[in-house]
Amino acid sequence: MEFDLKTIEALAPDQASLSAASKLTKRSSWPRLEKNEQQALIWGECQGSGSNPYRVVIDTGDHGYKCTCPSRKFPCKHTLALMWIAATAPASFAAAESIPEWVNDWLSRRRKTTPPPAQSTSGAAAKSIDEAARTDQSAAVEDVAAVERREAAQRKRAEDTRQAVSAALDELDQWIADQLRLGLSGFIDGSSDRCRRIAARLVDMKATALAGRIDEIPSRLMALRSEERPDAAIRELGKLVLLAKAWRSAPDDPELKRLVSTSETREQVLANPDARQVESFWEVLGEKIESRRDGLVSHSTWLLDLKSTTPQFAVLLDYFPASAGRRSNAFAPGDRFDARLVFYPSRKPLRALVAERMGEVISGAWPDFSFGAAKDPLATHASYQDAAPWIADCPLMLPPGAILVDDRGTGWWQAADDPQGIALPIAGAVNQTLLGLDLAATAALWDGARLDLLAAQSGFGRLDLS
């Protein structure tokens, strides 16, 4: 049972498939679950909407799989669900006395690096060396043809996906125009239903990642005061327009594909020779955990590069079904470690994977970053918006300042010794013990309207604010 949730997430074609798979992990959905440890096989029958169950078989050694459902996603939700059960409840699989004929049929039609199941010779004579050679040559020819067919099918699927996404963006443009024509007030009041309908339409047209982003717009708007919502709605819709325009100009761009349709797998990112790699000393600034409307939980862990002369950030992004409950974290705020990070291709690389971790966790103060003469707290945000205006959360390292609360109860970060009185509003409630405290530096996320505090350095040491 060589599966874990990280592997399953990496194999999933998109988050929608992962969410659908989580609903099929109940034992009642699988009247048959069996395994053959000698052949490293698991298989099962999943009861769908039809009279006959879907048959799923998985090779746990090389993660090969086969499902009889008609889904065009690979692996499908049934396959992911069977992997999920293998990872979380391996005892659900009964040891099979024999391998079913349909499983053996699948094995006989796929080539593996390991020997195939033993077949009874029933007294048949062994093949001659010449016959074996001719058989191998014939198999090689068939393999070349099979590879060509697979590559042709992949190109066809990629072209079909591109055309579907292009049509989805046309519908999105029309939808945005309709919202503006009908008025922002009506859009804000009905954003939940309106965004859900267009998001469902985009999922059908393979713009899955973009659909998830649109589905989260209502929660972003409702988190603001009523007078701030119209401006925020314009920003959100404007980012969608820019993202759609960018995708049309470069549909094969990895970052744009990731934001509009599907993301690369972990293995693809690590194997990319052009991916940015940074080996440094990192501190865990904090984490941001959000429940999404699609049933998934987004878990962002923000890191700070302590060897850089200017503030450099990275984020480890993970998704898991809300039904799985809170998962244990690999890192805790304040942890420091040596590691080599590989970044997803992007105009402003932020999302990364830990490729290799070295050394032990230690503590200490942040470097004395130079913020420049102007000390503009939003200079980094402006730089990110110029390069990638569709970015939602921008990490900032704020210069010396303090946290205050106005008479409405809204928290503000106030720059120290600033004649212009620069102040930025803070999302959520503010810990009263922080009021008026001198902060040498503060790490936060800025979404264009609110600061989401992560951590700060003060005369009392490091403060965990996430």
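Predicted model: local features only at pLDDT ≥ 70, side-chain atom pairs only at ≥ 80, totals over all residues.
Student: Okay, strand β15 then: how many of its eight residues are buried?

Tutor: Strands here are DSSP runs of E with at least two residues, helices are runs of H or I with at least four, and both are numbered from the N terminus. Buried means under 20% relative accessible area, exposed is over 50% and partly exposed is in between, using a 1.4 Å probe and protein chains only. Strand β15 covers residues 439-446 and is mostly covered, with the buried count at seven.

Student: Which residue in β15 is the bridge partner of cysteine 394?

Tutor: Two strands pair if DSSP finds at least two bridges between them. Strand β11 (residues 394-398) and β15 run antiparallel and are joined by five bridges. The β15 partner of cysteine 394 is tryptophan 446.

Student: And on to β16: which residue there is the bridge partner of tryptophan 446?

Tutor: β15 pairs with strand β16 (residues 451-458) in the antiparallel sense, over seven bridges. These two strands form a hairpin with four residues between them, and glycine 448 in the turn has a positive phi of about 100°. The β16 partner of tryptophan 446 is leucine 451.

Student: Which residue in β8 stands opposite threonine 301?

Tutor: Strand β8 (residues 313-321) is mostly covered, as eight of its nine residues are buried. Strand β7 (residues 296-305) runs antiparallel to β8, with nine bridges joining them. Opposite threonine 301 you'll find leucine 316.

Student: On to rings. What is the angle between the planes of tryptophan 175 and phenylalanine 187?

Tutor: Rings of Phe, Tyr and Trp (its six-membered ring) pair if their centres lie within 6.5 Å; planes under 30 degrees apart count as stacked, over 60 as edge-to-face and the rest as tilted. That rule gives two aromatic pairs. Tryptophan 175 and phenylalanine 187 make an edge-to-face pair, 5.9 Å centre to centre, with the planes at 75°.

Student: How many residues apart in sequence are the parts that this pair ties together?

Tutor: Tryptophan 175 lies in helix α5 (residues 129-182) and phenylalanine 187 in helix α6 (residues 184-189), so the pair ties together parts whose separation in sequence is 12 residues.  Both tryptophan 175 and phenylalanine 187 are buried. To repeat the number you asked for, it is 12.

Student: Why is the pair of phenylalanine 331 and phenylalanine 337 stacked?

Tutor: Phenylalanine 331 is buried at a relative accessible area of 14%, and phenylalanine 337 is buried at 0%. Their ring centres are 4.7 Å apart, and the pair is stacked because the planes are at 20°.

Student: Which ring does the charged end of arginine 357 sit over?

Tutor: A charge sits over a ring if NZ of Lys or CZ of Arg is within 6 Å of the ring centre and within 35 degrees of the ring normal. Lysine 348 lies over the face of tyrosine 384, at 5.2 Å from the ring centre. For arginine 357, at 4.8 Å from the centre, the ring is that of phenylalanine 337.

Student: Where does proline 75 lie?

Tutor: A cis peptide bond joins phenylalanine 74 and proline 75, with omega about -5°. Proline 75 is in the loop between β4 (64-67) and α3 (77-88).

Student: Last one: what is the relative accessible area of lysine 206?

Tutor: Lysine 206 is not a glycine, yet it has a positive phi of about 75°. It lies in the loop between α7 (191-204) and α8 (208-215). Lysine 206 is partly exposed, and its relative accessible area is 32%.

Definitions and conventions:
Residues numbered from 1 in each chain as written. Heavy atoms only, no water.
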